[in-house]
Amino acid sequence: MKLHFIQQDAWVEPGEYLGWAKRNGYQVSFTKCWLHEKLPQKVDADLLIVLGGFQCPATTKEECDYFDSAAEQALIRKYVEAGRAVVGVCLGAQLVGEALGAEYGHSPQKEIGPVRARLTPQGKEDPFLRGFSDVFDAGAWHNDMPGLTEDAVILAESDGCPRQIVRYGRYIYGFQTHMEFTHDIIEAGLKEVGGEIRAVGPFIQTAEELLAYDYTDMNRMLSSFLDAMMEDYRKQHMSVPQMLAKMIAFSEGNIHDIDHFIRVWTYAKVIGELEQLDEETQYLLEIAAITHDIACPLCREKYGNTNGKYQEEEGVPLVEAFLCDTGMNTDQIERVKYLVGHHHTLSGIEGIDYQVLVEADYIANASENRYDRKNTLNFLNKIVKTAAGEQMIRSVFCL
Ligand SMILES: [Fe+2]
């Protein structure tokens, strides 16, 4: 499992979000905005966590030269579109709402310190908030709150802020509250504001009160939420090995077919990695390699052979049905359908995933069917485009 953090400022640390990730051994990467680090261009994590900061979604580049609200929102939208998980915290929650078209607003009350919050009836029903008490202490340090889209569901509220936790989608959550607070974060925050909290109000505590508070319980609730969400996410998002196991089961003991797609997948994986495909393209390539001959059993029965054209035609609806419960999004499934539907078409190859699939399938077919040297040289000269594919073919066939 991979996580990416957008951290706006040095002193707004990830706290329990990072603690939870480390305890689980997850791979973690950061964009440290205050160091002017660039946001990732691609979706390459399972969970994006957008942390808070002193900015608001309307803060301009002139006001804060390292904060790019529009770019952060664009990245959030990419994650949402890719079906990945997103958790926004405080400002991050407001950015998630904005990214989905909901304008942030001012909280009725400013809140600093642990405030008494409660789950709404929908919050009590939320599958990932089961580890939360109905009434709980919520860390807070804010003036604003996230906006609501048409589909947004408020899961927790407090007397000072009616939007403490908002669900925007199955794996898209906005936490106005800072359940990640730790003693260290409080110390860093207090240092940033000169050691004391000058604001006053019914939901504002003193620096001493903030420092004296034990944040263990809210951290525990947060990690139970993250555990529950990512466990569900994992079930919905099949990994490549899970997909391979599913395809092996689908093949019902046809060893020839199983051996073939495992070989094609292995060559595709190696060539793709040597060619340094981006993670998404590599994933689609590997899924297409695993499923590319899905129509072979049907073609043998229906046509008495596995002619490439029949396979391409029959493979498209089969692979669509095969992938429908794997957590892949529509665009991903469309691409795999396209690849399966074209893997025997050697003209007009568009896209590196298509190219590598064709090369990998050829290596497996040529070795299984003992194609002669002339055939292989012809393929090498006319079809092969990748350096890794060429190298692989020369090595396998001693050319
Ligand atoms: Fe094949």
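These legends describe close-up views of a predicted model.

**View 1. Two domains in one chain.** Domain 1 covers residues 2-236, and domain 2 covers residues 240-396. Their centres, taken over C-alpha atoms, are 42 Å apart. Domain 1 gives six residues to the contact, and domain 2 gives five residues. On the domain 1 side, two of the touching residues are nonpolar, two are polar and two are charged.

**View 2. Helix α1 and what covers it.** Helix α1 spans residues 16-23. Its buried residues are Glu 16, Tyr 17, Leu 18, Trp 20 and Ala 21. The cover over these residues includes three strands, β1 (2-7), β2 (27-32) and β3 (47-50). Helix α7 (216-236) is also part of that cover. Just after α1 comes Gly 25, with a positive phi of about 70 degrees.

**View 3. The largest nonpolar core.** This core holds 68 residues. Ile 49, Val 50, Ile 76, Val 86 and Val 96 have the most contacts inside it. Helix α7 supplies the largest share, seven residues. In soluble globular proteins, nonpolar side chains tend to be buried together.

**View 4. Surroundings of Val 50.** Neighbours within four places in sequence are left aside here. Val 50 then contacts Ile 6, Glu 72, Ile 76, Gly 88, Val 89, Gly 92, Leu 95 and Val 96. Ile 76 and Val 96 are, like Val 50, listed among the core residues with the most contacts.

Technical notes. Residues numbered from 1 in each chain as written. Predicted model: local features only at pLDDT ≥ 70, side-chain atom pairs only at ≥ 80, totals over all residues. Domains from an automatic or database assignment. Contact = placed C-beta atoms within 7 Å. Nonpolar A, V, L, I, M, F, W, Y, C, P; charged D, E, K, R; others polar. Buried ≥ 20, exposed ≤ 12 C-beta atoms within 10 Å, placed from the backbone. Helix = DSSP H or I, 4+ residues; strand = E, 2+ residues; numbered from the N terminus. Core = buried A, V, L, I, M, F, W, Y, C linked by C-beta atoms within 7 Å.
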